[in-house]
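Hi everyone, thanks for coming. Please have a look at the model on the screen, and I'll talk you through a few spots in it.

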Amino acid sequence: MGSTEQHDDKGTAVEERGEAEAAARGLSRRSFIKGASFVALGAGTGLALAACSPAASEEPGAASDAGPAPNPEASMAAPATERSSIWDIGEIGEPTQSIEAEVCIVGGGGTGMAAAVQCVELGLKPVVIEALGGYGGSFIGTEFITAVGSEQQKATGASDSVKDAVTDHLTYHHWIPRRKLTEAFIGQMADTAEWLEDHGIGFAFTAGYRNRALAYDDGGEAMRGLNFVNILGGEAERLGVEAHFNMRARRLLVEDGAVKGVLAEDADGRIVEFRSSVVILGTGGYANNEEFRKEVAAWDIGNAQALGMNCRNADGIKMAADAGAAMAESLGTVMWCGPVIVGAISASWQTGAYVAGVQPTLWLNQDGERYLREDLFQENFSGTGVCVRNQKRTFVLFTEEDLLNWETSGSYAFPFSFGLPGTPLPDIRPTLEPLDSVHVNESIEAAATEADLDPAAVKATLDRYNALCDAAEGLDGEDTSADEDFGKKAQYLRPMREGPYWLCEVADGFYTTVGGIKINERTEVTGTDDEVIPGLYAGGCDAGGIHGDSYDVMYLGGSGASWAINSGRLAAKSAATFLGK
Ligand SMILES: Cc1cc2nc3c(=O)[nH]c(=O)nc-3n(C[C@H](O)[C@H](O)[C@H](O)COP(=O)(O)OP(=O)(O)OC[C@H]3O[C@@H](n4cnc5c(N)ncnc54)[C@H](O)[C@@H]3O)c2cc1C
């Protein structure tokens with residue numbers, strides 16, 4: 001935020017103007033100066049008010065006479081001055097254009113699209129501000145959405161209820177998520193499945209625990225999520241939603257403690273002021289902001305790799321904090337997803353190289369030892385990712401024979417809707433061969449040495465693994481007794497006696513972050529003591545309170561996508577009530 005340079009140029013004028021406004025609002029000089037250090041160019045644009053919002057005040061009660069302002073003591077998780085530079089939202093100039101809107105939706109991904117369409121249906125006029133060139137965000141990578149109680153789930157004969165699902169989810173997360181919020185989320189899922197169908201989204205099949213997840217139709221597109229985005233984004237267009245693409249929201253406008261709009265920057269650096277009494281944040285969390293992730297996640301993971309679109313920079317979370325929001329417990333929770341061969345995956349994840357990296361062959365850590373049962377990925381990619389995260393270095397080992405099998409007959413196992421057994425994967429070899437992270441050698445010891453691992457340790461692990469595989473011979477494929485060390489299913493215990501060996505170093509992949517802004521069951525953004533910041537709502541990966549210390553793919557597979565769509569709808573409904581519609 002505010003730079004020295006701006007203070008040198010204009011500091012005095014800014015301070016004087018802002019101080020007058022601060023005085024008018026009951027803020028002391030001391031608290032104003034503290035706020036002014038956050039926003040240098042704010043005065044005169046309404047930003048001084050944001051800078052001096054009670055959130056930035058160090059004096060409890062300083063804004064007590066300023067209308068519905070949040071309690072300054074409680075409005076942030078930590079006082080602004082104690083926050084590190086990762087929370088800075090940078091300088092922003094004067095707006096050259098002003099646009100009036102009833103509702104501003106920041107982010108046009110899963111949350112933003114759902115919020116926009118729902119707003120129109122409720123008689124509101126939303127404006128979408130999206131940093132990229134079109135709708136979608138990382139939602140385009142999704143395939144499954146949780147829909148407890150949907151007609152599709154019922155048709156499978158699965159017995160289930162919202163109450164069961166809420167209990168399952170809270171139990172999985174050690175009761176960290178907010179119960180009422182979880183109930184609002186899961187309670188709306190069946191209606192949302194129907195709502196999506198009404199807007200043209202089809203569902204192909206059910207999956208997961210109690211068939212709670214629905215896979216979307218692909219509509220002939222390469223990715224199911226892309227088809228979903230084409231349809232829902234198309235609906236937003238058909239309904240006349242005003243979308244401003246290539247426009248990055250930078251700061252919330254706050255007046256008298258209530259949100260009054262957003263300052264955004266277009267591709268040419270021009271600042272546009274969007275004035276509205278409601279702002280819905282849906283910028284997708286902070287997956288691509290490494291500095292932010294490392295600090296709030298508190299794990300020093302050198303080799304984490306975000307999958308999906310490079311568009312999630314913590315903007316929504318930082319803007320909310322700047323406006324006085326608290327963060328929910330588990331801000332640092334990440335949707336880890338396990339091995340990703342280093343250098344093999346770019347924005348697109350539906351590739352053979354991705355599938356190869358998670359096959360249940362033999363996985364090793366920095367000591368050349370196994371550290372989990374490798375088929376855990378098939379049922380819980382999230383838990384697998386946590387295991388990978390807790391090693392220093394990780395590797396997957398397979399043989400030339402395995403690779404030939406995958407090239408001709410597809411994977412041994414895969415939990416998503418692509419890369420399934422039976423589908424040949426011809427792109428693995430050309431993708432992996434040129435990579436520095438991939439060591440191919442006739443001798444396992446030589447491959448280990450190339451990878452900077454102890455060759456004797458790797459050889460010993462391989463010998464032990466082959467012995468476990470021998471013990472699995474003739475057993476039922478589901479039998480886990482042969483793997484005395486970790487309990488991998490017999491069907492995946494395939495001995496590796498001959499090279500060439502492919503020893504690949506892997507990063508810990510993650511799909512998204514899932515911790516964020518503190519919200520209540522109406523998706524209203526709040527301060528520490530649950531006091532509402534009027535007009536401000538958050539959803540999707542910007543919002544916290546739905547997860548504990550990891551992502552629940554066990555009982556609520558598809559809940560990331562489901563939360564985005566459902567929170568977008570919930571936010572629109574709350575906004576309509578707030579605006580008296
Ligand atoms: C490869 C992959 C596969 C996945 N598969 C699944 C799945 O099958 N099921 C599931 O439940 N979850 C899945 N997820 C997670 C899912 O993608 C997210 O939970 C979901 O997209 C979150 O929605 P969102 O609206 O919060 O963020 P996004 O959908 O990412 O949208 C955020 C939008 O905000 C925009 N934005 C960011 N900053 C700004 C700014 N300052 N101003 C304006 N716009 C901004 C971005 O450009 C983006 O368009 C997957 C994720 C990945 C990466």
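Predicted model: local features only at pLDDT ≥ 70, side-chain atom pairs only at ≥ 80, totals over all residues.

Let's begin at the ligand: by class, how many residues of the shell around the ligand are nonpolar, polar and charged? There are 14 nonpolar, 21 polar and five charged residues.

Residues are numbered from 1 along each chain as its sequence is written.

Back to the ligand. There are 40 residues around it, and the nearest are Gly109, Gly137, Gly308, Gly540 and Gly560; a residue is near if its C-beta atom, placed from the backbone, lies within 6 Å of the molecule. Two or more shell residues come from each of α4 (110–121), β8 (247–255), β17 (501–513) and α18 (559–578). The biggest giver is α18, with five residues. Helices (H or I, at least four residues) and strands (E, at least two) are DSSP runs, numbered from the N terminus.

Now follow me to strand β15, residues 394–399. Six of its six residues are buried, so the strand is largely enclosed by the rest of the structure. Buried means 20 or more other C-beta atoms within 10 Å of a residue's own, exposed means 12 or fewer, and partly exposed is in between, with C-beta atoms placed from the backbone. In a regular strand the side chains alternate between the two faces of the sheet. Here Thr394, Val396 and Phe398 cover one side, and Phe395, Leu397 and Thr399 the other, all buried.

And the neighbours? Strands pair if DSSP finds at least two bridges between them. β14 (residues 362–365) runs antiparallel to β15, with four bridges, and Trp363 stands opposite Val396. β17 is also antiparallel to β15, joined by six bridges, with Tyr501 as the partner of Thr399.

Finally, some backbone details. Gly499 and Pro500 are joined by a cis peptide bond, omega about -5 degrees, and Pro500 sits in the loop between α17 (455–472) and β17. Two non-glycine residues have positive phi: Asn246 at about 55 degrees and Ala314 at about 75 degrees. Asn246 is partly exposed, with 14 other C-beta atoms within 10 Å, whereas Ala314 is buried, with 26.

How values were computed: Nonpolar A, V, L, I, M, F, W, Y, C, P; charged D, E, K, R; others polar.
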